[in-house]
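Hi,

Here is the structure I promised to pass on. Could you load it first and then read my notes below alongside it?

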Amino acid sequence: MKKIVLIVSLFLALAQVVAAKNRKVKVITPYGTMVIKLYDETPLHRDNFIKLVKKHFYDSVLFHRVIKNFMIQGGDPDSKHAQPGAALGEGDVGYTIPAEFRADLFHKKGVLAAARDNNPAKASSGCQFYIVQGKKYTDGGLDTLETTRLKGRKIPANQREVYKTIGGVPHLDQNYTVFGEVISGMEVIDKIAAVETDKRDRPVKDVPMKIRLKKKFLFF
């Protein structure tokens, strides 16, 4: 009997560990659904995002800032049922998340990253995020970026190749925490990035979202 209890306990503990890793969420929009894998390498951001998703925090929140060839941003709680043309982007949850910069997590197209204000610690907003669209670069363009906006910091060779073939926004690297990536529905980014926007970069026609945890079976 003790052996059975021990096996069950071990199984439940293993289930909790597996459930905590490689969590995925579905971002449901009028332009389609994106599936995003949250990185285990950035556990503070991963766990905070999951907490908000479980609370249905993002239901009816808008993608309130859209800039073609750059990114689509959302997560402002003030955007829920906001009046047309209202300025958005200042809403938050009253806390920040410490930066979790990693040299191997960079701003390629499709990554999920945390928005923030200009605080010196580069701590992230507790709720606002963006998904990168970016653009493709040439070697010359990346060289120029290294000497100007990156102030001499060299982009690793493997990341340069990604920026040339897939695209992204390299000047944001090590400045904003990247904590996930789109693994399905990449075309949705392009569709949202192409919508008409006003002078504040807010879509003229609202782009609401709903985010849900993607259900998974143990070991699959």
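Predicted model: local features only at pLDDT ≥ 70, side-chain atom pairs only at ≥ 80, totals over all residues.

Ile36 is buried, at 1% relative accessible area. For that word, buried is under 20% relative accessible area, exposed is over 50%, and partly exposed is in between (1.4 Å probe, protein chains only). Ile36 belongs to strand β2, residues 32-38; helices (H or I, at least four residues) and strands (E, at least two) are DSSP runs numbered from the N terminus.

Residues are numbered from 1 along each chain as its sequence is written, and side-chain values use heavy atoms, with hydrogens and water left out.

Back in strand β2, you will also find Gly32, which is partly exposed at 26% relative accessibility. Gly32 and Lys191 are 159 residues apart in sequence, yet their C-alpha atoms are 8.9 Å apart in space.

Now the charges. A salt bridge here is a side-chain nitrogen of Lys or Arg within 4 Å of a carboxyl oxygen of Asp or Glu, and the count by this rule comes to 13. One of them pairs Glu181 with Lys108, with 3.5 Å between the closest N and O atoms. This pair links distant parts of the chain, 73 residues apart: Glu181 sits in strand β9, and Lys108 in the loop between β5 and β6 (111-114). Glu181 counts as buried because its relative accessible area is 18%.

Another salt bridge joins Asp206 and Arg202 (3.0 Å, N to O). Asp206 is partly exposed at 34%, while Arg202 is buried at 4%. There is also a network in which salt bridges that share partners join Asp139, Asp143, Glu146, Lys154, Arg160, Glu161 and Lys164. Within it, Glu146 and Lys154 meet at 3.5 Å, N to O. Glu146 is buried, with a relative accessible area of 4%, whereas Lys154 is exposed at 58%.

What does Asp173 do without a salt bridge? Asp173 is buried, and the nearest side chain of opposite charge, Arg153, is 4.3 Å away. Its side chain does make a polar contact with the side chain of Tyr163 at 2.7 Å, and a polar atom of that Asp173 side chain lies 2.8 Å from the backbone nitrogen of His107. (A polar contact is a pair of N or O atoms within 3.5 Å; within protein, one must be able to donate a hydrogen and the other to accept it, and residues adjacent in sequence count only if both atoms are side-chain atoms.) Asp173 is in the loop between α4 (157-165) and β9 (178-184).

Gln174 is partly exposed, at 26% relative accessibility. Asn69 also has a positive phi of about 65° without being a glycine; its place is the loop between β3 (63-67) and β4, and it is partly exposed at 44%. For context, most residues other than glycine have a negative phi.

Notes: Lys, Arg positive; Asp, Glu negative; His and termini not counted.
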